[in-house]
Amino acid sequence: MGMEENEGLYTQKLCYNQTVGPYQCLSLPWWVRTSKHKSYVARHHCRIEPLICGEDVFGKIQKDLLAAQRSVDIITWGFDPGMVLVRGGSAEDGMRYGDLLKQIATRKENPVTVRLLLWHDNAASYAIQKNNLGLYGTRIPTIGAYAGYYGETHDRYNREWFDEIIGNKVPNIKLHTREVALKFRSPALADEKYKISAIDGRAGSIYPTHHQKMILIDYETPERAVGYVMGHNSTTDFWDTAAHRFEDRRRETLYKKNPAEAIGKLTAAVDEAQDWYERQMRSMSGLPDLASQRKTERLMEFIRKYGFTAKPYQDVSLRVRGSILYDMNHNFCFGWAESEPGTPALNNAIWMTPPGMAGVEEPVAVKGAGQALAALPALAQSRRHFKAADFALKDCHHSAQLLRTYPAYQEKSIKECYANLTRLTHHYIFIQNQYVQYKEWATYLTACVEKLRSAGYTKPVYVFILTSTPETDGMDLATYDVALQLGSSHTMKVEHEETLKRARRGKAKMPITAEKLAEQGIRALMASMWSSAEQPRSPKDYEETYIHAKVAIVDDAAFTVGSANLNVRSMALDSELNLLSQAMDVAFDLRKKLFNQCTGDEGPAQFGDMGETFKDWLTLMENNTKAMANGWPLKSQIATFHVDRQPGPPVI
């Protein structure tokens, strides 16, 4: 079944109220409904605060962690204890995340119990994520992280921190890991359509991951409790400002080559001998001894040659309070029950273990479904006396629904969320996402607009898509499948030319143009984000902002934010966590901030017409693309999405 499978669950009478907004309906059914599995229900009396980019997000997190009194529960895809959350003039200027957790866990008054739940697969963590319990940039031979190697100080801090925590040397900090059993792969992908190569693609698809990101603080004290539903990973390269300044030194310095190899053994021996000789000669000449500069000079040369500033990162997370915390706690407690204590890094270094084959049992939550309350996991048992109403904020009126992709439970409520947001779109949908590679969504979008027009709806639906150049060429074809349907085939040069050739031979249809798509009621654009030096002198003075955000906003009326990408993995294969809300004030405010960040203009008033804004975006995109071709400064952060390379074997 496709994205339309649950349409019948939303049938109801609609009553529009023009005083609320031309695209908002008093009974518009935003909350996700599914027939195959249970979903969390909508919660009310919440407060939702969107936070854009790491400076804002991690600043709020540090403040909330320092104020914690009882507990801190963290789920994340990668954890970097050496990252600095609140930074001064550089990436190292401030308190490290690991020190912050140790501080609140070991203080004399109100020590906090910290539970850290990480995804870690003995094979995939090394082979794909290059991440051993969060050791991003691990020094295992021949394996380095995509982003680059950490410097020596940062790397050493991480190793020592994990050794302490896994060795139970720090009271009140508990680190657990979990992986997704391979047996859940086939059921999760059974109803999905995707392209996959026989070797590269198949290998990648057997590594389902736990990709959720959330924080829950002081759940035992409802009046103080606060949480985060996040797009951000807890690694240093996710720290950035909303301005995405070119080569901002507050972003981490990473290395293309292992810094441990900066000075080889032979070179070090030669330097030592030369230093000894020079000291002897100075002593015989009666000259004062001087410290050798050879090591320092070689290290500086290594930095100049292999060091680089981490790329700009765009991401969005939510700070939440209220009854939604009840469901976030449920998600954490059962995730904790599925996990096991972390083991020493050296034990995990045997990374050839086939994923999902290392005796991973069915999750406790699955085994215990339908059993008596006594069968609840221990952490859930200890918190079972709390009710959702205990967390309700009487003076706050945001409503929210927690959504998941969870292969072990065959749960796909995030997929249904995107389906429902799409079928309820009447004016615009804004998507900012790391991967816009879900062909099924693009197909459904065109079908939904066709239904609107067949019912007499004549206004255009505007589609704003912001995404990054796919990080591997194996993702190009899936991205092209979406671009092709949205009149943006030309943005991917190699695939577009191949489609034209096949069409001329009668083997394919000519790709639809933006103009033809507009005649069908859809005006769509695909953009990426860039920054530049103040006075660019070469192509190296431009850098693409890596869009990691997972955001969708519809008609200034509803939105979703979380960990889920718009691709097959996030819709079906990996565990994910999103929040959906029809809080119109939050949706509108988030739209204004993201539009203003990207273009310097927040767009029309709430529920206002997007026609002129859409045209302005196209102009800005074209102007910035031209500016990069001519070495001119950029006038905003958006440019036309463009990929010009041979696509690789398709992967999930």
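This is a predicted model: local features need pLDDT of at least 70, side-chain atom pairs count only at pLDDT 80 or more; totals for chains, interfaces and linings use all residues.

Me: Where does S339 sit in the chain?
Reply: S339 belongs to the loop between α9 and β13, the strand at 340-341.

Me: Which backbone atom does its side chain reach?
Reply: The side chain of S339 reaches the backbone oxygen of W336, at 2.6 Å.

Me: And which residues does S339 contact, leaving aside its neighbours within four places in sequence?
Reply: With those neighbours left aside, S339 is in contact with L117, H176, T177 and R178.

Me: Let us move to α9. Why is it described as largely enclosed?
Reply: Of the 14 residues in α9, 11 are buried, so the rest of the structure largely encloses this helix. Among the buried ones are I324, L325, F332, F334 and W336. The buried set also includes D327, N329 and N331.

Me: What span should α9 have, and what does the model show?
Reply: Helix α9 covers residues 324-337, and at 1.5 Å a residue it should span 20 Å. Its end C-alpha atoms are 21 Å apart, which agrees.

Me: What does F430 contact beyond its neighbours within four places in sequence?
Reply: Beyond those neighbours, F430 is in contact with F464, L466, V551, A552, I553, L594, F595 and W617.

Me: How far does α20 reach?
Reply: Helix α20, residues 611-630, reaches 29 Å from its first C-alpha to its last, close to the 28 Å expected for its 20 residues at 1.5 Å a residue. Just after α20, G631 takes a positive phi of about 75°.

Me: Which residues other than glycine have a positive phi?
Reply: H244 is one of them, with phi near 50°. E247 is another, also with phi near 50°.

Me: Where are these two, and are they buried or exposed?
Reply: H244 is in the loop between β8 (226-229) and β9 (253-255), and E247 is found in the loop between β8 and β9 as well. With a relative accessible area of 1%, H244 is buried. E247 is partly exposed, at 45%.

Me: Which residue 294 places away along the chain has its C-alpha 9.1 Å from that of E247?
Reply: That residue is D541. D541 lies in the loop between β18 (522-532) and β19 (542-547), and at 16% relative accessibility it counts as buried.

Me: What surrounds D541?
Reply: Leaving aside neighbours within four places in sequence, D541 is in contact with F246, S531, S532, A533, Q535 and P536. The side chain of D541 also reaches the backbone nitrogen of R537 at 2.6 Å.

Me: A change of topic: how do α15 and α16 pack?
Reply: Helix α15 (residues 476-485) and helix α16 (residues 493-504) pack at an angle of about 65°, and their axes are 10 Å apart. The contact is made by D476, L477 and Y480 of α15 with E495, H496 and T499 of α16.

Me: Is H496 buried or exposed?
Reply: H496 counts as buried, at 18% relative accessibility. Leaving aside neighbours within four places in sequence, its contacts are Y480, S489, H490 and P511.

Me: Finally, what about the whole protein? How many helices and strands are there?
Reply: The protein has 20 helices and 23 strands. Of its 652 residues, 57% count as buried. Among contacts between residues at least 6 apart in sequence, 78% join residues at least 24 apart.

Note on methods:
Residues are numbered from 1 along each chain as its sequence is written. Side-chain values use heavy atoms; hydrogens and water are left out. Helices (H or I, at least four residues) and strands (E, at least two) are DSSP runs, numbered from the N terminus. Buried means under 20% relative accessible area, exposed over 50%, partly exposed in between (1.4 Å probe, protein chains only). Contact means heavy atoms within 4.5 Å. A polar contact is a pair of N or O atoms within 3.5 Å; within protein, one must be able to donate a hydrogen and the other to accept it, and residues adjacent in sequence count only if both atoms are side-chain atoms. The expected span of a helix is 1.5 Å times one less than its number of residues. Axes are lines fitted to C-alpha atoms, for helices over the stretch in contact, and angles run from 0 to 180 degrees between N-to-C directions.
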